[in-house]
There are 6 protein chains.
Amino acid sequence: RPDSMLKKNEVGVVTGLAWTSVGGEIMMIEVNVVKGNGKIQLTGSLGDVMKESANIAISYIRSKAEKLKIDPDFYKDCDIHIHAPEGAVPKDGPSAGVTMTTALVSALTGVPVRREVAMTGEITLRGRVLPIGGLKEKTMAAYRAGVKTVIVPEENKPDIEEIDETVKKNLNFVFADDADTVLKTALLFATEPDQLLKEPLIHSGVDRNIKPALDTAVITQ
Amino acid sequence: RPDSMLKKNEVGVVTGLAWTSVGGEIMMIEVNVVKGNGKIQLTGSLGDVMKESANIAISYIRSKAEKLKIDPDFYKDCDIHIHAPEGAVPKDGPSAGVTMTTALVSALTGVPVRREVAMTGEITLRGRVLPIGGLKEKTMAAYRAGVKTVIVPEENKPDIEEIDETVKKNLNFVFADDADTVLKTALLFATEPDQLLKEPLIHSGVDRNIKPALDTAVITQ
Amino acid sequence: RPDSMLKKNEVGVVTGLAWTSVGGEIMMIEVNVVKGNGKIQLTGSLGDVMKESANIAISYIRSKAEKLKIDPDFYKDCDIHIHAPEGAVPKDGPSAGVTMTTALVSALTGVPVRREVAMTGEITLRGRVLPIGGLKEKTMAAYRAGVKTVIVPEENKPDIEEIDETVKKNLNFVFADDADTVLKTALLFATEPDQLLKEPLIHSGVDRNIKPALDTAVITQ
Amino acid sequence: RPDSMLKKNEVGVVTGLAWTSVGGEIMMIEVNVVKGNGKIQLTGSLGDVMKESANIAISYIRSKAEKLKIDPDFYKDCDIHIHAPEGAVPKDGPSAGVTMTTALVSALTGVPVRREVAMTGEITLRGRVLPIGGLKEKTMAAYRAGVKTVIVPEENKPDIEEIDETVKKNLNFVFADDADTVLKTALLFATEPDQLLKEPLIHSGVDRNIKPALDTAVITQ
Amino acid sequence: RPDSMLKKNEVGVVTGLAWTSVGGEIMMIEVNVVKGNGKIQLTGSLGDVMKESANIAISYIRSKAEKLKIDPDFYKDCDIHIHAPEGAVPKDGPSAGVTMTTALVSALTGVPVRREVAMTGEITLRGRVLPIGGLKEKTMAAYRAGVKTVIVPEENKPDIEEIDETVKKNLNFVFADDADTVLKTALLFATEPDQLLKEPLIHSGVDRNIKPALDTAVITQ
Amino acid sequence: RPDSMLKKNEVGVVTGLAWTSVGGEIMMIEVNVVKGNGKIQLTGSLGDVMKESANIAISYIRSKAEKLKIDPDFYKDCDIHIHAPEGAVPKDGPSAGVTMTTALVSALTGVPVRREVAMTGEITLRGRVLPIGGLKEKTMAAYRAGVKTVIVPEENKPDIEEIDETVKKNLNFVFADDADTVLKTALLFATEPDQLLKEPLIHSGVDRNIKPALDTAVITQ
Ligand SMILES: [Ca+2]
Ligand SMILES: [Ca+2]
Ligand SMILES: [Ca+2]
Ligand SMILES: [Ca+2]
Ligand SMILES: [Ca+2]
Ligand SMILES: [Ca+2]
Ligand SMILES: [Ca+2]
Ligand SMILES: [Ca+2]
Ligand SMILES: [Ca+2]
Ligand SMILES: [Ca+2]
Ligand SMILES: [Ca+2]
Ligand SMILES: [Ca+2]
């Protein structure tokens, strides 16, 4: 049973790409943000490196809160839960860094994630995107799941040539060297914030009524 | 001595289904919610994945508190204890996710659980129900214990054909792809909330005087 | 040197029954409750399962506080220490659940425990009593120590036939399927609460001036 | 270099007796009590059982605070440090229970300890004194160090016959079945409290101006 | 793909030098300081010794806060995150002490770091710089990455002769025996504080409007 | 490269003596005390016994605060960091007890330490100094580093005869049986407190304007 894309654009859920001994795989990241007192929970049998990635993503967002139109006090007024489903499968490595960053920004701003976008890349504390392994296998999994656009670290550009021809033809590639490019590509910022806010969101605790200071990305193949 | 069903519909106790090397088994989940200060206790020799399932269930319910008519501050005004009896038997895996979710919602709302319903399924942070293993053995155990209805992840539908014919004939199957379906099937929502509240409950700390925004499920074989 | 019974009825001390590779044994459980701020201490080289039993016992009592005439705030206004003497001997398993429950209720209410009663049984979060192993050896140890009445899980009834004839003739058996039966059998509730309170107790921090809502058990052989 | 007794009666220092593979030994227990906020520190390479003994001793004293004329709030207004010198030598077992109890009561009341008394025995939460091993070796060490009186658990009476004749002739034996007997024997309660308080003590944080409700022990050979 | 220098002078990012079994390497240290409540996070698969280095750097800066024009309350009013990118690569040892100290001072004062400077050296609690290993390999990596100046512990002066001739010719060497020399060499203190503050910084929570009491270092080959 | 003495008398830095498989060594102890909220940090790859020594030193000083003219609230108004440089070298054992005690008293009072004094000895909670091993190797290291006076536990007096003749001739030996002797020998108490306070100290958070109640030691060979 191959993994499949989400049925609609959702808030706080991002399609990541994982690489195991048996090939590439879709790995969803889910984030819930609720009113609380600053507790962070990380579940899904995450290894130490992946847990560190989650904390790096949170610290990065805190340092950019103003720019992202996120209440800078969210770290103490909310509880944040980051989960990678299929909880019995151990997961590790830094390459879900951009995925967790995007899911967190989506959950904290209420901006939905484009369901047809998948991504992979290590994030640093200052928002740089570092290269990852298994690009060939990961993009194959993305293609099979029906993904249209994959976000890939800029330093992985040379690895593109190893990718299967069919996969290469059918996917848009966005090369990112920083988190800005990732967020602009994956998040569905409304032309007008008012439009975004028509439909009430299920999660609470975060104001999301101002358009973030990022331009909508132009995705080119 | 085969495990048996509860003698009456209770609040905070749900019949789960476990799968061990020697076959399927009934595995009760008990939840106590009392006034407190936000402590969560997990007992019953639970492994790490199962403990994570419990925390995922709690986070999911927090994100849906309003819809479920649960005071969203329950996480800090109550102490929650989740227990899987037969405390010396080690238990693990994500497939008690729906069972713990249901027991928690029952304990937090005061709505009793249908004693003749058993269930199995992984829960995600956003309430999706993911497939599990051992369906054949688990449903056999449910049948032997006298269960009438089993709730099964929708993605496990193809595994139905491996189930014993007698078991298949004697059990109602409810396929769930999200927590809503599980809760509607298992919880005994009163036609009128007033009716529900006639009998005072033993646990305290949670208002339960409004009918949740879920319709009673229609169970079809 | 065989273990022996207490010399008089005491508050907060209950005679349990343990089962080791060399036979059955008396295992006392001692509980001290003092004014404090909610700390729970468990000592006596207790294993993880036995520590969980202690926490299950405390949660159960919290959920029944009103019925047991115990101040429901005891969990935050008292410090509770549960100890199993002979501190160098490792102890584990769930079968001291009823013993710890009884010792806690005694310490929290000030009601003395009948010194001639011993007990064994797993407790669940909702107060059900589950079966245990080693009944033959445990009852032999009870008999040798001079115990008159043993409380045994109802589901262990079939194991009675394996018990030594002399032991069976000389002990009263009380079969319990829930904590109520255990407490009614082991605690020495006064006919009149005023009578109970004549003699001041050494421990403090808990009001114990109202008769609990349990009837005195009638013990039949 | 054999261990030796203290040069004068001190507050908060008690001579214990330990038993190792190479024979008996003097093992001092030192206690400092200072104004603080309830922190308990245990040092001297203590094993888990010995750390539990320390906590049992503290809980026992809390439950008897009024009788011992100790401010019952000491557990939250003081910091307590219990140390067993020769910090590199691992130490374990429950038999320093009475020693730690005595050192704590001395430090908390300001009553000095008789320097010529040594002791060994497990303490329970209710103050019972349980038997220990290695009595022959321990008393030999006490005799060599110049100790005059040893306090021994009452249940160890039968082991007296194995003790070396010279040791037996030169030591007073006090058999204790509870902590009261230990404290009355080892602590130097003044005939008049005023007398005790002439000399200011170095430690602070605890009132010690009322004579405890224990009679001075009469030591008989 | 050799590591490369940053593209511009940044705040809170410093180029360190690491030594592995396969040669020297550039190892960036990133620091984020945001308003918070005193939490310290250390990520990047850091070993115990390297984590201790980070805490030593923070303590050193706290003891020099006044001199460095840093609000001495930063330890409780900010959250500090120190990260070493390439999160899956385990890193350890004390030789990033000066790098972390410099990145912290930069982040806390808002003073940018000279991008063409790299450094290595253990820091002590009092700011002394202690010698490190692998100087030959580390300076080779610095040279290859385009670094112009390397800061080296004074006690490593004798090791200079083992360095490759080309490397020696193309790098400026600054020998430091204390943190002052390191900070003066690496931080880009403005001639006039007003000049420094023209460009608003992305991180917040720290006033940085006074010129620190350190003179700009004169770098000599 | 042999270790060397400090270049001047400093506050909070004391020269200790360590003993490893390859001989004796100088081991500095550095202490920083800053305003804070009672956090204690111990770094330098310290083993459990050495960490306990640090806590014993702090407890001892708390119990003597008044006599040492130290604000007794320092434990909750300051943060204390104790570090043993050369952070990658594992260190353990109780023999740095006196060194840590002296460095702490120096940092807390602002009284400088005589740079030409080195020391070794276990400290107990009541300030007794216990014997240590490796005296021959430790004093050799002291002599080579240029130390003038070594403080040695009184119970190590018999080991003096094993010390190298040249070492013995060139070092002053001070035998200490308690912490008082150590502090009087190593700390540079001013004849007049006013004199001491002329030069402002770099660390803050502690008043140090009263002369401690210890006499300056007379060092005799
Ligand atoms: Ca999958
Ligand atoms: Ca970019
Ligand atoms: Ca079972
Ligand atoms: Ca559905
Ligand atoms: Ca026994
Ligand atoms: Ca019953
Ligand atoms: Ca000894
Ligand atoms: Ca007695
Ligand atoms: Ca690299
Ligand atoms: Ca310098
Ligand atoms: Ca050295
Ligand atoms: Ca002396």
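## Chains C and B, plus a word on cysteines

Count the disulfides over all chains and you get zero. Keep in mind that this is a predicted model. As for individual cysteines, two are worth a look, and the table puts them side by side.

| Residue | State | Relative accessible area |
|---|---|---|
| Cys78(E) | buried | 2% |
| Cys78(F) | buried | 2% |

Both land in the buried class because the cut-off is under 20% relative accessible area.

Now for the interface of chain C and chain B. How many residues of each chain are in contact? Chain C brings 22 residues and chain B brings 28. The size of an interface is often given as the accessible area lost when the parts come together. Here the area buried between chain C and chain B is about 2000 Å², with carbon and sulfur atoms giving 47% of that.

On the polar side, 17 residue pairs are in polar contact between the two chains, counting pairs with both residues at pLDDT 80 or more. Salt bridges across this interface come to two. One of them joins the side chains of Asp79(B) and Arg62(C), at 2.9 Å from N to O.

Which elements give two or more residues to the side of chain C that touches chain B? They are helix H1 (48-63) and strand S6 (122-123) of chain C. H1(C) supplies the largest share, eight residues. Sorted by type, the residues on that side of chain C are ten nonpolar, eight charged and four polar.

Key:
Residues are numbered from 1 along each chain as its sequence is written. Chains are lettered from A and ligands numbered from 1 in the order in which they are written. This is a predicted model: local features need pLDDT of at least 70, side-chain atom pairs count only at pLDDT 80 or more; totals for chains, interfaces and linings use all residues. Side-chain values use heavy atoms; hydrogens and water are left out. A disulfide is a pair of cysteine sulfur atoms within 2.5 Å. Buried means under 20% relative accessible area, exposed over 50%, partly exposed in between (1.4 Å probe, protein chains only). Contact means heavy atoms within 4.5 Å. Buried area is the accessible area (1.4 Å probe) that two parts lose on being put together, summed over both. A salt bridge is a side-chain nitrogen of Lys or Arg within 4 Å of a carboxyl oxygen of Asp or Glu. A polar contact is a pair of N or O atoms within 3.5 Å; within protein, one must be able to donate a hydrogen and the other to accept it, and residues adjacent in sequence count only if both atoms are side-chain atoms. Helices (H or I, at least four residues) and strands (E, at least two) are DSSP runs, numbered from the N terminus. Ala, Val, Leu, Ile, Met, Phe, Trp, Tyr, Cys and Pro count as nonpolar, Asp, Glu, Lys and Arg as charged, and the others, Gly among them, as polar.
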